[in-house]
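The sequence and structure come next.

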Amino acid sequence: MTSFEPRSDLDLNVPSAARAYDYFLGGAHNFAVDRAFADQVLQIAPSVPAVTLLNRAFLRRVVRYCLDQGIRQFLDLGSGIPTVGNVHEIAQQVDPAARVVYVDYEPVAYAHAKQLLSGNPFAAIIQADIREPRQILDHPETKRLIDFSEPVAVLMVGVLLFISDDDRPGDLVAAYRERLAPGSLVALSHIASELAPPELQAEVARLVQAYAAADEYVYVRTHQEILAWFDGMTLVEPGLVCLPDWSTDGRPEDEDSVARPLGYGGVGRVG
Ligand SMILES: C[S@@+](CC[C@H](N)C(=O)[O-])C[C@H]1O[C@@H](n2cnc3c(N)ncnc32)[C@H](O)[C@@H]1O
């Protein structure tokens, strides 16, 4: 696995994908450089940022599903800047003692989450790179909050698109899965474009170029590639599907969104 120094820098001249995502969601934790970058993306790929809303709605549905399944421990990898409907808020509404460990390497996401979680004994944020599973799984905060002999929900929502093939996203998913007790759930979501009409595919290609020019690399993957990462797990119905279609209660959300073909989501059960 690639060795990596966690980001502890904060260069306000360089946009960040985490803070642009926050801007697309209507959040306030972004700087002028991020807003200028996000506005440029909106110009060249006006339909694509809508996928962020679908992704966030998928995350909320998944967390509710995990709670319905009796899971009370969450490891949220690439958790992003705290925004409305954070995992611990949803989980602790159902069970005030539900435990959540957030992980992100982005300094602003880390700082805001740390502030938000101060005084919450059952939730914490670790600043780390998800490509270092052992560092995260053996971190003192993870050990304090998560009992791996009991089912855990591992959330890799909207994050593996930032992991290159060289960093082997499938092996990474497996490295986390191997630590999990039977009954644990692993949720993944990812950007895609194969089902999109050509003009939307062209927008996705322009977005990828804009991110690369800003030194943030986004990898668009196929259903087949993402499905392979569920190896060793049983896919929960409805399987790996377009984000609005992932629902276990027969109530899909936002099916009319233009960004519907631009993301897949799915949940795998361990054991
Ligand atoms: C698009 S946001 C998704 C946030 C949240 N999971 C959601 O779905 O709403 C992606 C987040 O992943 C983080 N990220 C990307 N690569 C990462 C890595 N290798 N290690 C830790 N965090 C990473 C970014 O900093 C960003 O906050």
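## Terms and basis

A cavity is a set of points, on a 1 Å grid over the protein atoms alone, where a 1.4 Å probe fits but cannot get out; a pocket is an open set with protein on both sides within 12 Å along at least five of seven lines; lining residues have an atom within 4 Å of a point. Grid points are joined across faces, edges and corners, and a volume is the space filled by probe spheres set on the points.

The model is predicted: local features need pLDDT of at least 70, side-chain atom pairs count only at pLDDT 80 or more, and totals for chains, interfaces and linings use all residues. Residues are numbered from 1 along each chain as its sequence is written, and side-chain values use heavy atoms, with hydrogens and water left out.

## The cavity

A search of the whole structure finds 1 cavity of 30 Å³ or more. The volume of the largest cavity is about 50 Å³. Its lining consists of Ser 79, Gly 80, Ile 81, Pro 82, Asn 86, His 88, Tyr 102, Ala 113 and Leu 116.

Sorted by class, this lining has 5 nonpolar, 4 polar and no charged residues. Ala, Val, Leu, Ile, Met, Phe, Trp, Tyr, Cys and Pro count as nonpolar, Asp, Glu, Lys and Arg as charged, and the others, Gly among them, as polar.

## The largest pocket

The largest pocket has a volume of about 900 Å³. Its lining comprises 47 residues, of which Ala 17, Gly 158, Val 159, Leu 161 and Phe 162 lie nearest the centre. Two or more lining residues come from each of H1, H3, strand S2 (99-104), strand S5 (185-191) and helix H9 (198-213). Helices (H or I, at least four residues) and strands (E, at least two) are DSSP runs, numbered from the N terminus.

H3 contributes the most to this lining, with 5 residues. The class counts for the pocket lining are 26 nonpolar, 11 polar and 10 charged.

## The ligand

The ligand sits in the largest pocket, by the criterion that more than half of its atoms lie within 2 Å of the grid points. There are 19 residues around the ligand, and Tyr 21, Asn 55, Arg 56, Gly 78 and Asp 104 come nearest. A residue is near if one of its heavy atoms lies within 4 Å. The shell divides into 9 nonpolar, 5 polar and 5 charged residues.
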